Amino acid sequence: MLIGELGEKGLIDRIRKKILKGSSLKSNVICGIGDDAAAFKSTEKTTLVTTDVLVDDVHFVSGTIDGRDLGYKSMAVNVSDIAAMAGLPRYAVISLGIPGNMEYSFIDSIYEGMIEAGARFDLQIIGGDTSRSRNLFIDVTIIGDVEPDMITKRSTARPGDRIYATGSLGASGLGLTALKAGSMPYPDAVERLIKRHLRPPARVEEGRMLARAGATSMEDISDGLITDLMHIAEESRVGFMLQEELIPIDIDVLKKSLAVSGKKPLELALYGGEDYELICTGPEGLIAEYEKRANQNEVVELSEIGMILDRDKGCVISGVDGRVSQITDLGYDHFKR
Ligand SMILES: [Mg+2]
């Protein structure tokens, strides 16, 4: 059925039923969907709010993406921002702009992906809105919280801190290249990479553990390791040195990058973006503290990849050959764009 035939009331009724079926109300929620405003009891913790809007033809192309993946991803990227503050996601408010000639089944599958992500990250959809719109857009706001002494900002890195990254990098960027190209060599590896692009991880548990282990600043990798680290440098008024040989590159990116994308693995790891791993700064020895806490929990590996410098030292990267290059907005020696 087309959205235009369903009407706004019919659409909202269906969405509401779907969401209520997908999860039971958390005890702190006083009212969820269906009242004038959602209401929940505040806690003693610091409240976190993050929002992200995805627009058809700008952030995704509706004919080429599965609605369920789109819904899942639109939630996960917001959860990743909560993770970067060392917080826990709690509630989501979701608004959609929908063209009248769109099939209801596509919208239905978007909500299914959102509900799946809600269950995965333990957060509840408590409200939202829908509107007729020329282009499909999805606007997700997530509310979370964090213990006041655990919050990890971008502005608190200090010279001498080491730089760390969770997991491995480059898979999402290569997955996107493969997705755009259609058929590809190495179908098994490529499928994994595409999945990594469509279903980003959001390292909530890792973010909590890094804060407890003594991280001084943190950010999630959405734009690419270099660009996101530049944000920390700017906000903290510091410089940094990355070491090429320490960058954790995804194993399939190492093996298949050149054949699938024509790009060097390191380029994808540094500039590919949308890995949704965490980068943080902290004292030497943070890995041991992190691993101690990781004992009982399933978390990804942490790698040391460089060091925070005084601001006047700038942002540099040292190559495997020991050569140090200045990083600019345009990249650096090896990858000038
Ligand atoms: Mg972010």
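Visitor: How many residues of domain 1 are in contact with domain 2 here?
Guide: In this predicted model, 14 residues of domain 1 are in contact with 16 residues of domain 2.

Visitor: And which elements supply the domain 1 side?
Guide: Helix H2 (67-84) and strand E4 (88-98) each supply at least two residues of the side of domain 1 that touches domain 2, and the largest share, ten residues, comes from H2.

Visitor: What about nonpolar, polar and charged residues on that side?
Guide: The side of domain 1 that touches domain 2 divides into ten nonpolar residues, one polar residue and three charged residues.

Visitor: Where are the domain bounds?
Guide: Domain 1 covers 7-146 and domain 2 covers 162-335, with 28 Å between their centres, taken over C-alpha atoms.

Visitor: Switching to Ile143, is that buried or exposed?
Guide: Ile143 is buried, because 22 other C-beta atoms lie within 10 Å, and this residue belongs to strand E6 (residues 137-146).

Visitor: Which residues is Ile143 in contact with, leaving aside its neighbours in sequence?
Guide: Beyond its neighbours within four places in sequence, Ile143 is in contact with Thr47, Leu48, Val49, Arg90 and Tyr91; the C-alpha atoms of Ile143 and Tyr91 are separated by 5.1 Å, although the two residues are 52 residues apart along the chain.

Visitor: What is the radius of gyration of the whole chain?
Guide: The protein chain has a radius of gyration of 21 Å, which agrees with the value near 20 Å for a compact globule with 337 residues, and 45% of its residues count as buried.

Methods: Residues numbered from 1 in each chain as written. Predicted model: local features only at pLDDT ≥ 70, side-chain atom pairs only at ≥ 80, totals over all residues. Rg over C-alpha atoms; globule rule 2.2 N^0.38 Å. Buried ≥ 20, exposed ≤ 12 C-beta atoms within 10 Å, placed from the backbone. Helix = DSSP H or I, 4+ residues; strand = E, 2+ residues; numbered from the N terminus. Contact = placed C-beta atoms within 7 Å. Domains from an automatic or database assignment. Nonpolar A, V, L, I, M, F, W, Y, C, P; charged D, E, K, R; others polar.
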